[in-house]
Every structure is written in C-alpha cells, then in structure tokens.
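Please keep the sequence and the structure in view while reading.

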Amino acid sequence: MDLTPTEEQRLLRESAGRFVRAQYNADARRKRAEAGEGFSAGAWREFADLGWLALPLPEAHGGLGGGAVEVGMLMEAFGEGLVDSPYVSTVILGAGAIAAAGSPAQQADLLPKIAEGALRVAFAHSERQARYNLADVATHAVKDADGWVLDGAKTAVLDADEADLLIVSARIHGNRADAKGIGLFIVPRDAEGVTLTTDLRLGGGKVSQVRLAGVRLGAGALLGGLEDALPVIEAVSDHATAALCAEAVGMMQTLVETTAAYIKTREQFGKPLSVNQALRHRMADMAVAVEEARSLALRAALFADAEPAARARAVSGAKAKIGRGARFVAEQAVQLHGGMGVTEELEIGAFLKRVVFFDAMFGGVDHHLKRHAALSAAGRAA
Amino acid sequence: MDLTPTEEQRLLRESAGRFVRAQYNADARRKRAEAGEGFSAGAWREFADLGWLALPLPEAHGGLGGGAVEVGMLMEAFGEGLVDSPYVSTVILGAGAIAAAGSPAQQADLLPKIAEGALRVAFAHSERQARYNLADVATHAVKDADGWVLDGAKTAVLDADEADLLIVSARIHGNRADAKGIGLFIVPRDAEGVTLTTDLRLGGGKVSQVRLAGVRLGAGALLGGLEDALPVIEAVSDHATAALCAEAVGMMQTLVETTAAYIKTREQFGKPLSVNQALRHRMADMAVAVEEARSLALRAALFADAEPAARARAVSGAKAKIGRGARFVAEQAVQLHGGMGVTEELEIGAFLKRVVFFDAMFGGVDHHLKRHAALSAAGRAA
Amino acid sequence: MNFSFSDEEKAFREEVREFLASVLTPDMKRAQGMTPSVFSDKEISDPWHRALASKGWAAPGWPPEAGGPTWTPAQRWIFATECAKAGAPSVSPMGVAMVGPVIIRFGTPEQKAKYLPRILNGEDYWCQGYSEPGSGSDLASLKTRAVRDGDHYVINGTKIWTTHAHHANMMFALVRTDDTGRKQEGISFILIDMTSPGITIRPILTIGGDHEVNQVFFDDVRVPVENRIGEEGLGWTYGKYLLEFERGGGIAAARLRRGLQHVIELANGEAPGQPIDDPALAMKISEIEIDIDALELTELRIMSALQTGQNPGAVSSLLKLRNSEIKQAVTRLAVDVLGYDALVWEPTRPLYGLNRATLPEIELPVVPEYLNSRAFTIFGGSSEVQRDIIAKLMVGL
Amino acid sequence: MNFSFSDEEKAFREEVREFLASVLTPDMKRAQGMTPSVFSDKEISDPWHRALASKGWAAPGWPPEAGGPTWTPAQRWIFATECAKAGAPSVSPMGVAMVGPVIIRFGTPEQKAKYLPRILNGEDYWCQGYSEPGSGSDLASLKTRAVRDGDHYVINGTKIWTTHAHHANMMFALVRTDDTGRKQEGISFILIDMTSPGITIRPILTIGGDHEVNQVFFDDVRVPVENRIGEEGLGWTYGKYLLEFERGGGIAAARLRRGLQHVIELANGEAPGQPIDDPALAMKISEIEIDIDALELTELRIMSALQTGQNPGAVSSLLKLRNSEIKQAVTRLAVDVLGYDALVWEPTRPLYGLNRATLPEIELPVVPEYLNSRAFTIFGGSSEVQRDIIAKLMVGL
C-alpha cells in the first residue's frame with residue numbers, strides 16, 4: 001500500500017501543472033474569451049504531443065496504457081486552470097467506449113488517430129426522458145439488409161460540434177429502460193439524418209442536442225458487434241465521472257487559494273477581511289472540503305478497474321460528496337469575494353458555473369447518493 | 001388579521017411565566033431531582049387552581065374552551081422552565097380524545113374530573129411495529145356478550161404509571177394499518193390483564209410499555225361507540241404535537257439566553273468568549289432558529305382547527321423544522337458551554353435530552369417532511 | 001389573536017385582484033417571469049409603475065400628503081402578496097422606496113415639490129450612489145469628493161454596484177464634503193442629474209449574464225448646492241435612515257412562494273425525466289415551503305405589531321437574512337430539477353426578447369436566476385453583516 | 001501508487017486477525033460494544049492491555065529500545081483497523097500514547113527505567129492533569145502552583161476534566177512553577193503519585209450518565225523533584241509535544257465504520273418499525289459512509305507519506321475535526337433509527353453490567369453514546385480551535 005505518486009506520475013502532474021499555468025492563466029482565458037475562441041486546434045495538437053491523448057489508451061493501439069489515477073492527475077491540473085478542452089468527451093468517453101467495446105479492427109482503425117489528435121469523438125448517449133438513468137434508451141436501431149437505421153434524439157452531448165464521429169447508443173431490442181439490448185454505433189457527425197443543435201455550455205465549451213432521423217449506417221457500425229453495451233456505457237460513464245471529480249478538485253483548490261489571497265489583502269474598516277473569524281472558519285471548512293474531495297477523487301480512480309459494483313459505489317460516493325463540496329466551495333468563494341465575486345471581471349463566477357456543470361453532469365448529489373444506497377443495499381443482501 | 005395576543009392571552013402567558021420562574025428554576029429542579037421526586041400532586045392541584053387543566057376542555061363540561069393558541073402559550077412557558085408535567089398526556093391527548101370522541105355521558109363523567117385535577121388519563125396508542133404510522137394498530141378488541149376483550153402491546157405511553165385511566169386504541173376489524181376499524185377504549189390502569197413496564201423518560205417524566213392480555217371491558221368502554229377513531233387519533237396527535245412545538249420554543253429561548261449569558265461572561269485568553277465572531281454568528285443562527293420556531297409553532301396552533309389536511313400540513317411543517325432547529329440550538333448550546341456543557345452540573349444537557357425526546361415523539365424530522373410532502377402532492381393532485 | 005382577514009381587508013384584497021386582472025398583460029407577466037433579477041427591466045417596470053400611479057398605488061409607504069394611499073400595514077401586506085402571486089413586475093425601488101422617504105423626511109418644501117411628484121408618477125428614474133470600489137461593508141469609508149465652488153458642488157470620484165445607472169436620469173449619492181473628522185462625519189447626501197457633463201457609466205456584467213449594475217465615474221461634475229438634502233455633513237444620518245428601508249426586506253414570502261411554485265411546475269412537466277416523482281425532491285420542496293411558511297408568519301407577526309402600534313424590534317436583519325438564503329435555496333433546487341438541461345447556456349438578454357431557444361421557455365431563466373441570486377447574500381448588507389447585527393441586537397452580544 | 005497491501009502487510013494482517021480471534025472473549029466484545037464512551041472502563045481495558053503486552057503490541061508508537069514493536073505506518077494502520085473491526089476495547093491512551101512518548105523523548109534514564117516498563121505492561125494507570133476550571137481552550141492560563149520546598153514540589157490547585165482519575169495511580173500534570181514571565185513560561189511537567197496525601201477526586205457526571213471525568217484537588221501535595229520531566233519552566237514545550245499525539249486522531253475511520261455498521265444493524269432488525277426500508281435513511285447512511293471513505297483515504301494518504309519519509313503536513317486538526325463530526329453524525333442517526341425506543345432512559349452504568357432492561361441490548365448504548373459524543377467536538381481541542389488552526393496552517397490566514 002503506497003498512495004504517494006510514482007516518479008513517473010509526479011512528472012506527469014508537474015508537466016500538466018506547468019502547461020496549465022503557462023497557457024490557462026486568467027489573462028490567457030480572458031483573451032480567448034474576448035476573441036470568441038473555444039478550445040484551439042493548436043492546443044489539441046500540443047495535448048497529443050505531450051502524450052495526454054494517448055495516456056489512457058491501450059498500448060496495442062498507440063496508447064500509453066495509463067490508468068484512471070494518471071488521468072486524474074491530468075484532470076486535476078486542468079481543473080486548476082479551468083481548461084475547457086474536449087478531453088473527457090473524446091479521450092475518456094469516446095475512445096474509452098471504443099477501447100472497451102470495439103472490435104480489434106475498429107480499435108486499430110480509430111484509437112491511433114485519437115492518440116495522434118487526428119480524430120475527435122463525442123459520446124451521444126443521454127436522452128431527455130431518461131434523466132440520469134443510463135439504461136433508459138428510446139433511440140432505436142433497426143437492422144436491415146444494408147446495415148442499421150437509427151432514429152431518436154440525444155441530449156447533453158459534449159463537444160459534438162467539433163467531433164468527427166459520434167458514438168451513439170441505440171436500442172436494438174427490448175423496451176425503454178431495459179438493461180439488455182442497447183448497442184453503441186459509430187456515426188459520422190456529418191451522416192445524413194444527423195442534426196445538431198449546439199449551444200454554449202455552462203462553464204465553458206459547447207453542448208449539443210442530436211437528432212437522428214433515419215440515419216443509415218453500414219453493418220460494421222455497431223461497436224464490437226455488441227448488443228448488450230450497457231456495462232460498457234456504465235464503465236465509461238463512471239470513468240468520465242471519476243475524471244470530472246479530479247477536475248473538480250483542481251477547481252476547488254484554485255478557488256480556495258484565490259479566495260484566501262483576496263481576504264488577506266482586501267481591507268475593510270482598516271483591516272484585512274481575514275481578521276474576521278467567521279470568514280477564517282468558513283475557509284477552514286472550504287479547505288477541509290478540498291482535502292476530502294481529493295481523497296474521494298483518488299479513491300474513485302483507484303477503484304476504476306474494480307468489479308462494477310465496487311467501482312460504481314466508489315464513483316457515486318465521490319460524485320455525491322464532491323458535488324456538494326465543490327458547490328459549497330464555489331458559492332462561498334463568490335460570497336467571500338463580495339460584490340466582485342458576482343461580476344464577470346473576476347473568474348470566480350466562471351469556476352462556479354463549471355462547478356454547476358460538474359454537479360449536473362452524469363447526475364447530481366441525490367442521484368449518486370441513491371445509486372450508492374442501492375448498491376449498498378444490494379451488497380448487504382448478497 | 002391580528003397576531004398580537006389579546007389581553008386575556010397576555011395575562012395567561014404572564015401568569016404561566018411567573019409560575020414557572022418561581023417554581024421551575026434551576027434550584028427547584030435540582031432539589032426535586034436530588035429528592036428523586038417526579039411531578040408532584042401539589043403542583044397538579046395548582047395547575048387545576050390556575051385553570052390550566054380546564055383550559056382547552058369544552059365549556060359544557062367544566063372547561064374554559066380555550067384553543068391551541070392558548071395551550072401553546074402555556075406550553076411555551078413550561079418549555080422555558082423545562083417543566084415535566086403530565087399536561088400533554090392527560091389534558092391534550094387523554095382529555096382531547098374524550099372530548100373529540102366520547103359520548104355525552106362519557107364526557108360529562110370524565111372531563112370535569114380532569115379539569116379539577118382529580119383524574120389523570122394516559123393515551124396508549126403507539127405500537128412498536130408501527131413506528132410513526134398512526135394507522136398501524138395490531139392490538140385487537142373482540143366484542144362478546146359481556147363487552148370487549150383487548151389483547152396487544154403499546155409503546156411510548158407517556159405518564160401511564162400515575163394515570164388512573166388509559167385511552168387505548170385497538171383494532172375492531174380490518175387488517176394491520178387499515179385506516180378503518182380502530183376504536184378507542186377506556187381502560188382502568190389497574191384492570192386485570194394490564195401490565196406496565198415503566199422507565200425513566202429521556203428528558204424527564206416516565207414512559208411505559210403497556211401489555212394487554214385478555215383485558216375484559218364493559219360494552220360502554222368504547223369511546224363514543226366509534227369504530228373509526230383514526231381521525232380522532234390523528235387530530236389529538238396533531239394537537240399534542242403542536243403543544244410540544246410550543247414547548248420546544250420555550251426551551252430554545254432559554255437555551256439561547258443561557259448560552260448568551262455564558263459566552264458574555266466566560267473569559268478565555270483574557271477576553272470574553274463572545275469576542276469570537278464565529279461564536280457570535282452561531283448565536284445569531286440560533287436566535288434566528290428560535291424566531292422561526294416561534295412562528296411555526298404559532299402557525300401550527302392557528303391551524304389546529306382547520307380541515308384535517310391543512311392542520312396536518314401545518315403541524316408536520318412545524319414539527320419538522322422545529323425538530324431540526326431545536327436540535328441545532330441545543331447541541332450548539334452544549335458546544336458553546338464547552339466542557340461544562342456536557343456535565344450534569346449545568347442544565348444544558350437536560351434541555352438537550354428533552355429536545356431529543358421532542359424530536360422522537362410523534363415522529364422525527366424526516367417523518368414529518370415526508371408527511372408534509374405527501375399531503376402537498378395530494379393537494380396538488382386534487 | 002385573529003388569523004383571518006377582516007371584511008374590510010378582504011374587500012381590499014378583492015380590489016387588488018381586480019386591479020391586477022385588469023392591468024397585468026400576458027406580455028408583462030411573461031417578461032417578468034423570464035427576468036432572472038429581482039429588479040425588473042425599465043421597459044417592464046415603467047408601464048407597471050404608470051398603472052399603479054394612475055390608481056394612486058405607486059407609493060404604499062408614503063404619507064397621504066405626499067401621495068401615499070394611507071394603507072394599513074395589513075393592506076400593504078395584502079397588496080405585496082397579491083402582486084407577487086399574480087407575477088407582477090417590481091417597481092424600481094430606488095425612487096419610491098429609497099430616495100422618496102428621505103426627501104419626505106428631510107427635504108425642503110422646494111425639493112419635495114420638485115421631486116416627489118416625478119417619483120410618484122415614474123417620470124424620474126433613480127439610481128443609488130453609495131458603494132465605492134474600496135468600501136464594501138465599510139460604507140462610511142467612501143472617498144468621492146464634493147468640493148464647494150460658489151453655489152455648486154464639484155464632484156470627483158466613482159461609485160460602484162449602481163443598479164440601473166444606465167436607465168436612470170437621477171442619482172442620490174453620499175459624497176464626502178469634509179475629511180477632517182470621523183469618517184461618518186463630513187458625508188453629505190446629494191441629488192445628481194445623470195445627464196450632467198462629466199458622468200461616465202461603465203457597465204458591469206454579472207455572472208448570471210445580466211447588465212444590472214454599473215460603475216459611475218464623476219469627473220468635475222457640477223451639482224447645484226440646492227440639490228443637497230438636509231445639512232452638509234449629516235448625510236450619513238440620512239443615508240442610514242434610507243438603509244433601514246432597503247434592509248427591511250418586508251414582504252418577501254409571497255415572492256419566494258411563487259419561485260417555489262415555479263420549481264414545482266418545472267419538476268412536474270418540462271424538466272428532463274420525471275423529477276416530481278422523486279421522494280427526495282418532494283422532501284426538499286417541502287423543506288423550503290416550510291421555511292417560507294415560517295418567514296410568512298414572521299412577516300404577519302411583524303405586520304400585526306405594526307398594526308397595533310407596537311415596535312416589532314430588530315427583525316429586519318432576520319428577514320433579509322432568511323429571504324436571501326431561501327431565495328438561494330429555491331434557485332439551487334430549480335437548477336437541480338433541470339438535470340441535463342442546466343448545461344445549455346443562453347447568453348442573450350433580456351430573455352423575454354428571445355423568440356426561440358433550445359430550452360423550453362419556463363427553463364430559460366433558471367440558471368441565470370441561480371447565478372443572479374448569489375448576490376442576494378452580498379448586496380444590501382451581506383449575510384455576515386446581518387449576523388453581526390442579529391448577534392448584537394437580538395442576542396445582546 | 002499502489003492501492004493493495006504487500007504480501008508482508010497481508011501476512012501481518014493475518015497475524016493480527018489470529019491474535020484478535022484468540023484473545024478477544026465474547027464478554028470483552030459485549031462489554032466494549034455496550035460502552036458509550038471512547039474510553040473503555042478499566043476492567044475492560046486491563047485484560048486487553050495485558051494481552052497486548054504479552055504479545056509485545058502494547059505500544060505501537062514506541063521505539064524498539066522502549067519496547068515498541070517497530071511497526072511501519074502501514075502496520076500500525078492495519079493493527080488499528082483490525083482492532084476496530086473486531087470490536088476490541090481501547091487501551092487507555094494516557095499512559096502508552098500520551099505520557100509514554102514524553103518520557104521517551106524528554107525523560108532521564110532513571111525515569112525511563114522506572115516508568116516505561118510499568119506503562120508498557122499496564123501496571124500503572126495514568127491520568128492527565130492539564131485543564132483547569134478557568135482555562136478552557138486557553139490552556140496556558142493554568143494556575144495550579146508547584147512551589148519548591150527542598151527536594152519536593154508542594155502542589156496546590158485543581159485540575160478538571162481528568163479522565164479516569166478515579167482509576168489512575170499516576171498523573172502527569174502541567175503546573176506553574178513561576179508566574180513572572182509570559183504565561184507559557186514558568187510551566188513545568190511533573191508526574192504525581194495519585195495516592196499522595198492531599199489529593200481529592202470529585203466525580204463529574206456527564207450528560208450521557210457516565211462517570212468518566214473528574215475534578216482533582218491538590219492540597220499541599222508533595223511531589224519529589226525527580227518526578228519533574230525535563231527542565232523546570234519548559235513544561236509547555238513537553239505538553240505541546242504530547243498534544244500533537246493527542247490531537248493526531250490518527251486512525252479513526254475503522255471505528256467510525258463499525259459505529260455505522262451498528263446503525264445499519266439497528267435499522268435492519270431491532271429498531272421499531274422497518275427503518276432500513278426508508279430510502280431517506282438509506283441515503284443518510286450512504287452519506288456518512290462516504291464521509292468515512294473520505295476520512296479513511298485521507299488516513300491512507302497520510303500513512304503513505306509517513307511510510308515514504310514525507311511530512312504529511314498540518315493534517316491532524318483536519319482528522320480530529322472530521323472524526324468528531326462524523327462520530328456525532330453516526331450517533332445522531334442511531335438515535336433517529338431508535339424511534340420511540342429513544343424515549344426509554346436507562347441510568348444504570350456500566351450498561352454491560354445490566355442483566356435485563358426494557359430495550360434490546362443493542363439499543364441500550366445508543367442514546368448514551370449520542371450524548372457522550374457531544375464532548376468529541378469540545379475536548380482535545382474544540383472544533384472552533386481546530387478551525388482556527390486549519391485556517392492558519394492549511395489556508396495560511
């Protein structure tokens with residue numbers, strides 16, 4: 001048992017931190033925002049050059065075979081700088097699904113391109129009526145002689161507008177919310193019948209609603225030929241959730257540091273705000289929340305490859321508590337900054353928005369508490 | 001609309017306050033505790049003389065026809081002094097059930113004696129398997145030629161050991177937890193087949209488990225001849241809950257005053273504890289909790305005679321929020337008293353215990369939130 | 001104690017309801033419902049103000065000689081509650097509720113004659129110049145200087161968090177006319193024509209995407225001495241008198257209840273999935289409803305005390321604190337109900353100007369309102385300041 | 001990073017489990033399970049201490065020359081965790097964990113030779129004389145005087161909150177030997193034989209009904225100068241060194257988990273109704289379990305840092321704060337689960353001495369433990385003190 005980072009991990013963490021501090025400081029963000037720029041192609045190439053896109057991909061297909069712990073280190077650095085890259089959508093969700101479910105040929109075709117930064121993939125699974133129930137898929141796929149025809153609608157698809165491919169879940173058989181009978185399909189974003197409605201995403205990036213109307217796909221579009229892909233969907237969702245938890249830890253860390261610096265220097269009644277014990281104690285609670293979040297995000301990563309129930313419990317536990325803790329830290333960071341905290345002139349609000357995104361993505365506090373409780377009850381009954 | 005007390009109400013409140021300050025100060029309580037005394041017969045007579053036992057009873061039977069608001073004023077004063085009288089068990093629950101369900105003859109027989117202080121009545125309804133479900137009654141009553149035979153077990157019966165009569169609920173027909181078919185029976189405490197197991201009650205007074213084994217009662221023992229007494233049980237439980245809410249307000253008030261006095265005088269590092277802003281803000285939150293509790297206890301009393309769903313919503317709302325608020329105030333009163341707060345040498349702990357009793361009696365915070373939510377949903381559907 | 005409204009009060013309530021039914025257009029209600037801020041845009045509040053003014057109801061708190069309707073506290077409560085229930089816009093408070101009472105109390109006959117009618121009928125739109133970039137909760141540390149030059153003051157400095165300065169043609173401001181004594185001394189209360197040369201307004205966007213507040217710069221702005229209220233150097237006294245009105249909060253429960261109703265409607269229909277069927281959500285809704293019940297009954301207790309000529313005590317901090325906390329709880333819950341729809345960020349303002357959007361109309365203001373409401377516990381006396389006051393005045397610490 | 005125990009660590013864990021299985025009697029486990037306090041009664045802890053001592057495991061933190069088992073941090077974590085899981089009693093910490101390390105660090109060879117073996121094998125039972133009635137969190141304001149008289153100190157004064165003074169034959173105490181300088185100066189650390197003439201013990205009953213703490217009075221109590229640890233006047237330094245050990249908290253997650261398991265068992269069987277079927281309760285249990293998971297992983301991170309020779313930083317306040325808060329959450333939830341059974345108050349102590357009671361045995365300690373646990377956030381550095389420290393050391397305020 002040794003939870004200190006290896007030398008390799010330490011170097012990864014440090015290089016990510018350096019990159020973020022250099023390129024994702026407040027000035028750089030403001031400039032990009034003013035120029036109306038999203039995440040740049042140049043930065044994505046740099047991600048590729050640094051090996052980050054290859055990091056969690058299998059070594060057989062151009063990847064580095066890193067695990068959730070390494071991904072977490074990267075994500076934590078991203079969070080510190082509020083990086084709004086399509087890393088989670090392409091590398092964790094998209095490539096993750098391909099690596100978990102794809103046939104050897106599909107993997108050999110797609111994964112190296114992703115690792116090189118030549119291919120972006122979005123994950124189109126959630127549906128509006130499903131809320132956060134991963135098994136609730138109404139989009140359906142019908143097989144005919146030429147291949148597959150997909151019809152349905154997806155919501156909350158991250159970064160779809162700049163993706164080359166969509167990995168789309170669709171029901172091959174069974175009824176809505178059945179665990180069985182869901183497949184994952186490789187759909188070119190520009191395929192006929194695919195319509196995107198794309199908006200700005202709360203906290204940075206873009207989000208799309210995807211309509212699929214009689215989308216025709218070849219017989220080879222079904223990922224791995226697998227007609228029961230729910231376990232894969234659950235696994236990649238859990239992995240992405242764990243990654244977002246690590247990112248949230250980075251955000252919380254920055255918020256605490258920024259707020260501490262503010263109340264130490266901002267004076268009122270001739271004294272720094274930090275003379276107020278009520279504020280100091282609030283910040284103590286914020287610091288405690290960061291440490292607890294750090295522990296649970298790491299725990300979720302350490303359980304990423306455990307058996308599904310254990311993985312899900314660790315991930316839901318982390319998501320629930322970090323969801324609450326990050327909200328507390330971000331809201332209090334706004335509060336302790338006073339009037340300045342609610343303006344666009346500081347970045348506190350941008351962090352708060354990303355925290356709200358984090359809380360909503362893959363289900364909020366109560367959803368994950370319930371999932372955790374259900375898994376616990378099942379564990380006790382077993 | 002005028003929520004200021006009438007002259008009559010003001011006088012009642014003041015006389016109750018005076019009585020409690022004179023007879024239920026810390027010294028008096030300590031002496032009684034050392035002497036191992038419970039609530040004295042003498043004090044009960046004084047309650048009768050002051051008209052408090054008659055207060056909510058119908059004027060036709062020796063009562064004063066007061067309402068829940070007046071009862072609340074009395075109870076708030078009791079709470080300030082942590083009075084541990086059998087007022088709720090005899091006057092609100094026992095006499096309340098008789099007044100609501102009794103035949104004219106039963107009322108004429110029993111209520112004047114209660115008003116005079118000559119008769120004490122306990123309310124034996126709850127059963128262990130029922131938790132807080134008022135309809136869950138497994139004790140059964142079988143009618144035969146001579147009258148009724150009761151068998152079953154009751155829990156959490158307040159002040160039964162010093163009661164002359166028990167009002168016992170029993171199922172006349174139907175299945176466990178059916179809303180219909182529950183009757184209320186007048187059972188002499190010393191009837192054959194009645195066995196009490198009596199313990200000290202958390203926070204003062206006594207509590208009994210009551211076993212009924214083939215208890216034979218006359219045909220006239222069924223209160224009002226009523227075979228569907230659940231609405232009466234719900235009403236008197238709500239009235240008693242409202243009364244306990246008012247009592248809790250009094251306790252919270254005393255805790256805030258006592259704690260404020262303590263932190264203003266207790267010195268550490270050469271300064272009174274109250275220089276600590278974190279403590280002052282805690283006390284501000286405690287004071288806010290008292291004001292909110294005061295409003296909700298009054299609201300519950302004002303709705304006491306509304307139609308059942310509105311009454312129940314107001315009472316459950318008050319019980320839920322005051323349950324939480326009283327726990328917060330009492331726990332923080334202990335905390336702010338430091339080491340002294342956890343000793344039996346101050347009375348803070350006695351108040352905390354009574355608050356825990358309050359929270360557990362008639363259902364805790366979650367129970368009443370759920371009841372409130374269910375009533376709200378039903379109201380929206382209607 | 002009587003928990004029912006009297007026949008007179010009921011008749012008044014009926015009158016208010018009839019007025020609201022006749023005056024509030026669907027467009028006004030829609031625009032108000034899609035406004036994330038507690039302040040209605042001028043284009044919403046103006047017609048509403050005019051309608052109230054023609055009914056004689058624009059200034060509930062004013063004495064009859066100034067044009068107030070001589071309502072009892074109960075009538076004021078009924079009016080505010082019915083307006084909230086009906087989804088009426090807010091009247092901009094800076095004129096009627098803030099500078100108006102100061103002019104009534106401390107103004108000269110000339111000032112009263114000049115300003116009060118224009119406030120009453122909504123001709124002037126006011127903004128408040130109190131806070132400065134360096135002042136925060138320490139308002140008295142303000143530095144904007146007014147130097148006497150003949151029968152004018154020459155003003156230099158800057159004010160911040162100025163709500164609707166971009167709509168206003170008048171500002172009331174605290175300025176420093178002397179800095180030799182205690183910082184509370186040497187402050188004067190003056191009225192500034194916003195069209196005066198030398199005034200620049202810089203918009204400040206808030207995190208909800210709204211342009212609501214501004215920074216206002218004064219560069220040798222000349223203001224006639226007759227625009228000073230009361231005595232030179234006593235502005236702090238007048239300003240504090242006004243803050244009592246601002247912090248009072250007063251009658252907030254009905255608006256909170258409408259906000260919670262909005263959450264229930266969302267959860268019942270538009271939001272993704274069927275969140276209303278979630279028992280945990282139902283318990284949270286109940287929790288907030290109970291909080292609102294407590295606040296409402298506290299308001300009614302205060303109203304009753306005022307009604308019978310009693311002093312309700314130091315409760316305005318309590319009302320402000322709870323109103324702002326409950327508001328934040330309501331808006332937070334609404335965001336939770338949105339589920340994945342919370343991810344869609346619509347930057348266009350005003351939201352009621354949009355013809356189409358990805359989200360259903362009822363969902364559009366949810367996230368902006370959550371973000372906007374973060375300011376509730378900061379402005380008008382932060383929650384920390386309110387707790388300091390409660391500890392002092394209610395607990396005696 | 002490696003989340004599994006090594007083969008050596010697993011073998012050690014097996015050894016601990018075998019030891020526990022062989023030594024822990026059903027009576028010991030029952031008595032411990034019915035103890036509301038974190039301190040086991042002497043009659044429970046004594047046999048447990050003796051069993052540990054014969055295995056050489058009584059003093060995990062001591063260096064080998066003093067009789068410690070030379071465990072790695074991982075081994076200490078495994079040992080503490082397995083003991084908690086098995087429901088083992090606690091060893092009284094005042095000897096092994098508190099005064100022992102001070103004697104090891106600052107004692108003379110004679111003092112080490114005299115006291116350490118008796119601490120190790122449990123012959124001496126120690127209590128701690130730090131707090132005084134007037135001192136509270138301001139420990140250095142202590143007033144108990146030790147006046148030099150030849151080769152003795154003569155002690156007058158009083159100590160309070162003295163855990164198990166009524167069991168102890170030895171006390172380590174901070175006493176004032178000089179009051180001319182700063183209050184932290186002039187304090188000395190001395191060892192007092194509790195059988196000395198002039199010592200009186202007054203029991204202090206706590207709100208859970210337990211006799212755990214005492215007030216101790218010193219009336220001309222003579223203590224040989226050789227009983228002083230280190231230099232006269234430097235007691236504050238030694239005392240602070242010890243507090244680091246006391247506040248460390250260290251390995252608490254496993255005990256908290258056992259407490260939560262107790263709640264689940266209650267809710268699953270004995271408690272009135274079927275509370276385990278209540279989804280709201282299930283969510284609360286999950287919430288606390290997640291809190292414990294976070295604490296446990298924090299402990300493991302600290303253990304890993306120690307294991308690799310790194311300094312884990314200022315985390316002991318965080319561990320103390322969270323341990324005490326979670327403990328209170330667990331005991332509060334247990335009371336909620338009891339429903340109406342919470343009304344029955346059983347005053348007899350010790351609870352394991354009862355033969356029969358109205359409540360099922362598993363329910364008996366629930367309310368006493370809730371009440372007893374209120375002290376967790378007060379003693380050993382209150383939560384307020386911990387937050388002061390965290391703000392200073394972790395946030396840099």
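## Strand pairing and interfaces

Strand β6 of chain A pairs with strand β9 (residues 344-345) of chain C in the antiparallel sense over 2 bridges, where pairing requires that DSSP finds at least two bridges between the strands and where strands are DSSP runs of E of at least two residues, helices being runs of H or I of at least four, both numbered from the N terminus. Within β9(C), C:Trp345 stands opposite A:Leu200.

The model is predicted, so that local features need pLDDT of at least 70 and side-chain atom pairs count only at pLDDT 80 or more, while totals for chains, interfaces and linings use all residues. Residues are numbered from 1 along each chain as its sequence is written, chains are lettered from A and ligands numbered from 1 in the order in which they are written, and side-chain values use heavy atoms, with hydrogens and water left out.

The contact (heavy atoms within 4.5 Å) between the chains takes 46 residues from chain A and 49 residues from chain C. In chain A, the residues that lose the most area to chain C are A:Arg128, A:Arg131 and A:Val342, together 19% of what that side buries; buried area is the accessible area (1.4 Å probe) that two parts lose on being put together, summed over both.

Across this interface the rule finds 26 residue pairs in polar contact, both at pLDDT 80 or more, a polar contact being a pair of N or O atoms within 3.5 Å, of which, within protein, one must be able to donate a hydrogen and the other to accept it, and residues adjacent in sequence count only if both atoms are side-chain atoms. α10(A) gives the most to the side of chain A that touches chain C, with 7 residues.

Within chain C, the domain assignment, which comes from an automatic or database source, gives domain 1 (7-91), domain 2 (125-234) and domain 3 (252-395).

Two salt bridges (a side-chain nitrogen of Lys or Arg within 4 Å of a carboxyl oxygen of Asp or Glu) are listed below.

| Salt bridge | N to O distance |
|---|---|
| A:Glu345 and C:Arg202 | 2.7 Å |
| C:Arg349 and C:Asp210 | 3.1 Å |

Between domain 2 and domain 3 of chain C the count is 1 salt bridge, whereas the rule finds 9 salt bridges across the interface of chain A and chain C.
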